[in-house]
Amino acid sequence: MNSQRCSTLFQKPRGRTSIIQCIYVVGFMDLFGVSMIIPLLSHHVKALGASPTVAGIVGSTYGILQLFSSTVVGSWSDVVGRRYSLLTCLLLSALGYGLLGMSTSIALFVLARIPVGLFKHSLSICRALLSDLVSESERPLVMGHFNAASSVGFILGPVVGGYLTEHEGGFYTSSFTCAAIFLINAGLVWMLPWSEALIHRNHTNSSNSTRKGCHDNNCSKSAHNGSHVMGAETDPGSRAPGKYRGGLRWREVSLLQPAWRQLYSVGSKIHMVASSDMWDLFLVRLLMAIAIMLYYSNFSLAMEERFSLKPKVTGYLISYSSTLGALAGFLVGPVTQLYGNNMPALLLHSTVLTCSLIFLYAAAPSVWQVLLTSTFFAISTTIGRTCITDLELQRGGVQASGTLIGAGQSVTAVGRVVAPLLSGLAQEFSPCGPPSLGVLLALAAVGLLLIRIPKWDGRGMTKKAKL
């Protein structure tokens, strides 16, 4: 009877596949629209009369706002539900890109970047929503496909943006087009069958509990309201907050609750994540983020100085690597199954491979070796990013997925601030300085994993001492 109950819990309700596919479309269109604008921003702000220093300060506004807002918005999506938080982010991002299309001065340009910097977290909330809809065993496959769809959009966007820029007022046309794309995404999210998502979320909560054994009669369903897609695994009749896999406790707060109650709940979630034992995963994420950014930081300049490669050829090489990175998203599921869903081992191996490839790139005697390392580097980094996100969700629990994914994005944003500084210092010594420094940071990540993984169980959580 228990096995029959397990099979029932894993049945897919009608409409779940269409929800997931729609989220893939949202991810594709999101980065498609954004990548139309990104290559044009520096040219536009200079055209408005900004000096290089002012242009740099203005350009850093977005990154600084993302650094502080990622965790807060992600946690807020845990509090009020994915539907309203995702709609809010999409609509305010559309507002920001619309203002960007009307920016005829530096002041308006900075004003337009504020709502985008604060609320452009639609991809993070989409990932949290996907983690709500699928079981732990399905999550790496679904996340890999989502990352692949988003990456394809990021590759195609600059092509369309470059074409529009060739016409008069091309930047403004691209900005309004991007705003329209975000409005279309908001419409798609509004029309999603959220009732199906709620039903499957209940099933997913129970099925994740049954991974420890379907004979446990304490598998319980979440209490939901309205559009809530998350919830604590508690007895609906109990007022006490539930405790789930990560050992953290969370409270549900409706969108209709007062703002102070929502802020208090968001602060509590962030504090609990900050005081948890997940420092090792976040540190590995930071080290690898900086190492990977150092690999790319002076790629074009290094190719020119080391191999006299023309910028056009370097551009082809970068496009080739980006395309492979997008396609590698489809490999995540099969590779995870090959490892038997042993995510700590897969993370360790992908980190070792990434470290080795950065070293081979730094010591490459020819362009062909750079091409070879770029091929496998795109694959290893794609798998590694998916692994560490999945481990964070396993450690913290799917009910806190918004907070955890947002915290991960904040850690990566710290890397974006630190990496250019380290790259500039390393380039003072050699064109191979940045990747060489990246090798040292990746080695530190490998060493940390070798020390910490024996203290984890098969799902990446810290082992408890036996009484």
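**Exercise 1.** In this predicted model, determine how the side chains of aspartate 132 and arginine 82 meet, and which parts of the chain the pair ties together.

*Solution.* 
Step 1. Between the side chains of aspartate 132 and arginine 82 there is a salt bridge, with an N to O distance of 2.7 Å. The criterion is a side-chain nitrogen of Lys or Arg within 4 Å of a carboxyl oxygen of Asp or Glu.
Step 2. Helix H6 (residues 122-133) holds aspartate 132, and helix H4 (residues 82-100) holds arginine 82, so the pair ties together parts that lie 50 residues apart in sequence.
Step 3. The relative accessible area of aspartate 132 is 0%, and that of arginine 82 is 0%. Buried means under 20%; therefore aspartate 132 is buried, and arginine 82 is buried.

**Exercise 2.** Identify the salt bridge between arginine 395 and aspartate 280, and state where the two residues lie.

*Solution.* 
Step 1. The side chains of arginine 395 and aspartate 280 form a salt bridge at 3.3 Å, N to O.
Step 2. Arginine 395 belongs to helix H16 (residues 367-396) and aspartate 280 to helix H11 (residues 279-297), so this pair ties together parts 115 residues apart in sequence.
Step 3. Arginine 395 and aspartate 280 are both buried.

**Exercise 3.** Describe how helices H17 and H18 cross.

*Solution.* 
Step 1. The axes of helix H17 (residues 401-427) and H18 come within 7 Å and cross at roughly 120 degrees.
Step 2. Angles of 65 to 115 degrees count as roughly perpendicular and those over 145 as roughly antiparallel; H17 is therefore oblique to H18.
Step 3. The crossing of H17 past H18 is right-handed.

**Exercise 4.** Determine which residues form a nonpolar patch on the surface, and locate tryptophan 190.

*Solution.* 
Step 1. The nonpolar surface patch is formed by Tyr84, Trp190 and Met191, which together have about 360 Å² of accessible area.
Step 2. Tryptophan 190 is in helix H8 (residues 170-190).

Note on methods. Residues are numbered from 1 along each chain as its sequence is written. This is a predicted model: local features need pLDDT of at least 70, side-chain atom pairs count only at pLDDT 80 or more; totals for chains, interfaces and linings use all residues. Side-chain values use heavy atoms; hydrogens and water are left out. Helices (H or I, at least four residues) and strands (E, at least two) are DSSP runs, numbered from the N terminus. Buried means under 20% relative accessible area, exposed over 50%, partly exposed in between (1.4 Å probe, protein chains only). Patches are made of residues with over 30% relative accessible area and no salt bridge: like charges are joined within 9 Å, nonpolar side chains (Val, Leu, Ile, Met, Phe, Trp, Tyr) within 5 Å. Accessible areas come from the Shrake-Rupley method with a 1.4 Å probe; for residues, only the protein chains shown count as cover. Axes are lines fitted to C-alpha atoms, for helices over the stretch in contact, and angles run from 0 to 180 degrees between N-to-C directions. Angles under 35 degrees count as roughly parallel, over 145 as roughly antiparallel, 65 to 115 as roughly perpendicular and the rest as oblique. A crossing is left-handed if the near helix is turned anticlockwise from the far one by less than a right angle, and right-handed if clockwise.
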